[in-house]
Amino acid sequence: STYNPNMPLRSFFYIAQTFEKMVDQKKLYSPIRVPIPTPKFVVFYNGTKDQPDRQYMNLSDSYTNKKIPGDMELTVTMLNINYGHNAELMKKCEALNGYSLYISKFREYNESGKFTHSESAERALDYCIKNNVMTEFFRERRKEVVGVILEVTEEVIREWIQELEFVNREQTEIIEAKLKEIDEQAEIITAKEKEIDEQAEI
């Protein structure tokens with residue numbers, strides 16, 4: 001996943017929908033407390049921007065009024081799974097470590113400019129297999145792995161385009177609002193000048 005400061009809000013929507021499906025709505029009005037599972041929110045980060053091994057994102061970070069303490073909090077733990085990060089976690093999970101190395105090699109080949117996305121994905125697989133990293137898995141699911149990495153790459157590109165479109169749209173709205181404000185002020189000034197001219201004629 002790429003870095004997204006809205007993960008706490010997205011997680012809030014997700015867990016609310018999940019609990020709504022799990023709980024019998026009629027029991028909500030019962031005098032007996034309705035038990036629910038204890039939620040834990042974790043997101044794996046493998047974006048290209050530098051991020052710490054572990055960081056916490058809070059729903060309260062999005063609150064507009066920072067002076068008033070909110071009555072609801074939701075914390076998401078973001079773990080950096082890029083190669084070279086969270087060594088202890090990687091030691092305990094061979095699959096996660098293999099995935100991390102594969103993505104690292106894919107980016108290395110892809111950013112060299114010498115290979116296409118597809119070629120980079122294939123070369124990264126060859127590297128892992130040659131170095132005994134999840135060899136059996138990568139051999140058996142080679143086509144699937146390459147397909148997934150190419151799909152993810154395209155998805156990231158689409159996300160970037162959407163973010164840029166949103167930023168541009170937001171900036172345009174701000175500019176338009178400022179221009180409208182200037183026009184209104186100009187009209188007020190013109191009206192005042194007209195009033196002064198009329199008084200001067202009298």
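The following legends describe close-up views of a predicted model.

**View 1. Tyr 102 and Phe 138 form a tilted aromatic pair.** A pair of aromatic rings is described by the distance of the centres and the angle of the planes. The search of the whole structure finds four aromatic pairs. In the pair of Tyr 102 and Phe 138, the ring centres are 5.5 Å apart and the planes stand at 35°, so the pair is tilted. The pair links distant parts of the chain, with Tyr 102 in helix α3 (residues 94-111) and Phe 138 in helix α5 (residues 135-140), 36 residues apart. Both Tyr 102 and Phe 138 are buried.

**View 2. Phe 137 and Phe 138 form an edge-to-face pair.** The centres of these two rings lie 5.7 Å apart, with 65° between the planes. Phe 138 has a relative accessible area of 3% and is buried, whereas Phe 137, at 34% relative accessibility, counts as partly exposed. Ring pairs link Tyr 102, Phe 137 and Phe 138 into a cluster.

**View 3. The charged end of Lys 105 sits over the ring of Tyr 127.** The distance from this charged end to the ring centre is 4.2 Å.

**View 4. Three strands form an open sheet.** The strand order is β1-β3-β2, and the pairing is mixed. Strands β1 (42-45) and β2 (54-58) are the edge strands, each pairing on one side only. On average, neighbouring strands of this sheet are turned by 25° against each other, direction ignored.

**View 5. Strands β1 and β3 run parallel.** Strands of a sheet pair through backbone hydrogen bonds, either parallel or antiparallel. Four bridges join β1 to strand β3 (residues 75-80). Phe 44 has Leu 79 as its bridge partner in β3.

Notes: Residues are numbered from 1 along each chain as its sequence is written. This is a predicted model: local features need pLDDT of at least 70, side-chain atom pairs count only at pLDDT 80 or more; totals for chains, interfaces and linings use all residues. Side-chain values use heavy atoms; hydrogens and water are left out. Rings of Phe, Tyr and Trp (its six-membered ring) pair if their centres lie within 6.5 Å; planes under 30 degrees apart count as stacked, over 60 as edge-to-face and the rest as tilted. Helices (H or I, at least four residues) and strands (E, at least two) are DSSP runs, numbered from the N terminus. Buried means under 20% relative accessible area, exposed over 50%, partly exposed in between (1.4 Å probe, protein chains only). A charge sits over a ring if NZ of Lys or CZ of Arg is within 6 Å of the ring centre and within 35 degrees of the ring normal. Two strands pair if DSSP finds at least two bridges between them. Axes are lines fitted to C-alpha atoms, for helices over the stretch in contact, and angles run from 0 to 180 degrees between N-to-C directions.
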